[in-house]
Amino acid sequence: MIDSKKILFYTCSLFCVLSCVAPETEDNDLCFFIDGDFPAMKGDTVFLEYINDSGLELMDSSIVDDEGKFSLNSKISTADFYTLRFSDKEKFITLIPDTCQKISLNSKEKDFHRNYSIEGSPESEKICNVVSQLTKLQDITDSLGKIFRASVSEKNLAEIKYSLDSIYEIHYKNLRKFSDNFLKENSNSLTQIVCVSQYINPKTPLYDPEKDLEVYKKVCDNLNDYFPDNYYTKRMIAFLERQKLSLSGEKPLECVIKKGMKAPDIQLKNQKGETFSLYDLHEKKYIFVSFTASWSDVSKDYNEQLVKVYKKYYLKRFSVYQVWLESRQDSWKKALYEQRIPWMTYSDFKNWNTQAVKDYGVKTLPSNFLLNGDFTVLETDLTVSELERFLEQHLQKK
């Protein structure tokens, strides 16, 4: 049903990237280059941006000359997401360049992000194709909206509206068919993220996370197979797991584990492949049950602080039992090495489907529970500073 208030269409930026002075390099094999021709943007500043686990990173910028020409370049080690934008941050082109590519990018429009051409970067060309198909639906819907608004006083408005809705439905199904085929044909490409993240309007995704959960799952499985360490792969997987957890209708954390309750046992394999029970730590005075993941940036920061506290108190009968929500062993072990985790860690590679997640009602990462030697819950969701103050008070030297 066409609503004149919902005619604005746009490409969702849920997983599209933001973030830019070019590094000098003698190794062109580890660079990509962009030559742009945007006559409508002459005199403006163009920015090439990249986002990684640490945040936004400016790679290059340039002033567009009087003919609309500009050149940009950046170092790159593997194909990844970049954006090209001008002063208006709301309009940008998403790119997936790779090493040693010479990219030609052109547009004659002020709305360059809706109508542009690109050569020299196969993955970026695929994104351009996705944008082009969505733009067609935008333009058609805009025309239908104008007809609808011009017909509001007509006696046969209901018939007109039905006709317009039918036309819209045909083009919507064409876009969905194109996108379904695109996902099948590009299962080993990062462009899946752009395709599955399209929004028809600010409230209507082309792929509804509730109705199309299997589509999202398939995309996440593909990404995890081919790009397990990519920032947006991790974001996509985290989004999917939160969605699955939300749809499960499980009780919130405070209704599952409370202070004063006995904590459920956990039995998982450690990084050596040995099964170890939480209850095996009965000789400890305090046990910190922690839930974390290699793909969680917040958890990474938390672990860095927790390591310092652990080294200070582990000889005083303080222990950490840390559950990692993972789907791949290599990602897990890489994170353990990079974060220099000194305690034993545990995972069954079921991610959010780990039984301990359900038993403890974990909804967000990081989550934690401080137990005594009888496995009674003393505190939940402590900051590292709060944990340290508690241990200082109860484990200080006499």
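So, salt bridges: searching the whole structure, which is a predicted model, turns up 15 of them. Let me walk you through a few.

Start with Glu 49 and Arg 85, whose side chains meet in a salt bridge with an N to O distance of 2.8 Å. Glu 49 sits in strand β2, residues 45-52, and Arg 85 in strand β5, residues 82-85, so this pair ties together parts that are 36 residues apart in sequence. Buried or exposed, then, for Glu 49? Glu 49 is buried, at a relative accessible area of 6%. Arg 85 counts as buried too, because its relative accessibility is 11% and the cut-off for buried is under 20%.

Next up, Lys 161 and Asp 165. Their closest N and O atoms are 3.4 Å apart, and they form a salt bridge. This one stays inside helix α2, residues 157-185: the two residues are four apart, so about one helical turn separates them. Both Lys 161 and Asp 165 are buried.

Now look over at Lys 334, which forms a salt bridge with Asp 229, again with 3.4 Å between the closest N and O atoms. Lys 334 is in helix α7, while Asp 229 is in the loop between α4 (213-226) and α5 (231-248), so here the pair ties together parts 105 residues apart in sequence. Lys 334 is partly exposed, at 37% relative accessible area, and Asp 229 is partly exposed as well, at 41%. There's also a network: Arg 176, Asp 180 and Asp 212 are joined by salt bridges that share partners.

Okay, on to helix packing. Take α6, residues 297-313, and α9, residues 384-395. Their axes come within 10 Å and cross at roughly 10°. Angles under 35 degrees count as roughly parallel, so that's what we call α6 and α9.

Who touches whom? On the α6 side you have Tyr 302, Gln 305, Leu 306, Val 309, Lys 312 and Tyr 313, and they meet Val 384, Leu 387, Glu 388, Leu 391, Glu 392 and Leu 395 in α9. By type, the residues of that contact come out as eight nonpolar, one polar and three charged.

A bit more on α6 itself. Its 17 residues reach 25 Å from first C-alpha to last, close to the expected 24 Å. Its buried residues include Ser 299, Asn 303, Val 307 and Tyr 310, and also Tyr 302, Leu 306, Val 309 and Tyr 313. And what covers the buried residues of α6? Among the elements doing that are β13 (286-292), β14 (318-324), α7 (329-339), β16 (367-372) and α9.

Definitions and conventions. Residues numbered from 1 in each chain as written. Predicted model: local features only at pLDDT ≥ 70, side-chain atom pairs only at ≥ 80, totals over all residues. Heavy atoms only, no water. Axes fitted to C-alpha atoms, helices over the stretch in contact; angles between N-to-C directions. Parallel < 35°, antiparallel > 145°, perpendicular 65-115°, else oblique. Contact = heavy atoms within 4.5 Å. Nonpolar A, V, L, I, M, F, W, Y, C, P; charged D, E, K, R; others polar. Expected span 1.5 Å × (residues − 1). Buried < 20%, exposed > 50% of the residue type's maximum accessible area, 1.4 Å probe, protein only. Salt bridge = Lys/Arg side-chain N within 4 Å of Asp/Glu carboxyl O.
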